[in-house]
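Here's a quick briefing for anyone opening this structure for the first time. Take a look at the picture, then read on about its inner space and its rings.

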Amino acid sequence: MYQIEKINDTSFYIKATGTFPPPVAERFIKEFEELTKDIHDKLSIIVDIKDAILLSIDSVDIILELLKNNNERLFRSAFIIAKNPPLSEEFKYLLDRAQSPKRKIVSDLEEAKEWIGIEKIVFKQ
């Protein structure tokens, strides 16, 4: 499962929980592309995967393609990963394959906000 929150005109917070099978990854891609289609530069994303379990290899490939497609318009993105060794290794692999100095693995929301330059986030209830 996932949740996408719009922080401001060019910034988004994405929360992933549980597993992320390919059908969910594909649905996420479509929704994310629709939400960001009018942003041509300075796109910032916080991806919170502290509560995710594992990704399938097919889901990793789907997400990798999204990351590569967004390299040009990306300002910065932060990936919040808790102490989950298998998931941490999956995302390190994913970020290595989508090489960009604009992406960073962080340990908490505060570090993520600092990396992308946002002071506060208000979540909808």
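A cavity here is a set of points on a 1 Å grid, laid over the protein atoms alone, where a 1.4 Å probe fits but cannot get out. Grid points are joined across faces, edges and corners, and a volume is the space filled by probe spheres set on the points. By that rule, there is one cavity of 30 Å³ or more. Keep in mind that this is a predicted model: local features need pLDDT of at least 70, side-chain atom pairs count only at pLDDT 80 or more, and totals for chains, interfaces and linings use all residues. Residues are numbered from 1 along each chain as its sequence is written, and side-chain values use heavy atoms, with hydrogens and water left out.

**The cavity**

- The largest cavity holds about 240 Å³ of space.
- Its lining counts 20 residues (those with an atom within 4 Å of a point), and Ile14, Phe28, Val47, Ile63 and Phe79 lie nearest the centre.
- Two or more lining residues come from each of β2 (11-20), α1 (22-36), β3 (43-55), α2 (57-69) and β4 (74-80); helices (H or I, at least four residues) and strands (E, at least two) are DSSP runs, numbered from the N terminus.
- The top contributor to this lining is β3, with five residues.
- By type, the lining splits into 17 nonpolar, two polar and one charged; Ala, Val, Leu, Ile, Met, Phe, Trp, Tyr, Cys and Pro count as nonpolar, Asp, Glu, Lys and Arg as charged, and the others, Gly among them, as polar.

**Aromatic rings**

- There are three aromatic pairs, meaning rings of Phe, Tyr and Trp (its six-membered ring) with centres within 6.5 Å; planes under 30 degrees apart count as stacked, over 60 as edge-to-face and the rest as tilted.
- One of them joins Tyr2 and Phe28 edge-to-face, at 5.2 Å centre to centre and 75 degrees between the planes.
- Tyr2 sits in strand β1 (residues 2-8) and Phe28 in helix α1, so this pair ties together parts 26 residues apart in sequence.
- Phe28 also pairs with Phe32: the ring centres are 5.7 Å apart and the planes at 25 degrees, so this pair is stacked.
- Both Phe28 and Phe32 belong to helix α1, four residues apart, or about one turn of the helix.
- Tyr2, Phe12, Phe28 and Phe32 make up one aromatic cluster.

**Burial**

- Tyr2 and Phe28 are both buried, which here means under 20% relative accessible area (1.4 Å probe, protein chains only).
- Phe32 counts as buried too, because its relative accessibility is 1%.

Conventions. 1 Å grid on protein atoms, 1.4 Å probe; cavity = no way out; pocket = protein on both sides within 12 Å on 5 of 7 lines; lining within 4 Å. Buried < 20%, exposed > 50% of the residue type's maximum accessible area, 1.4 Å probe, protein only.
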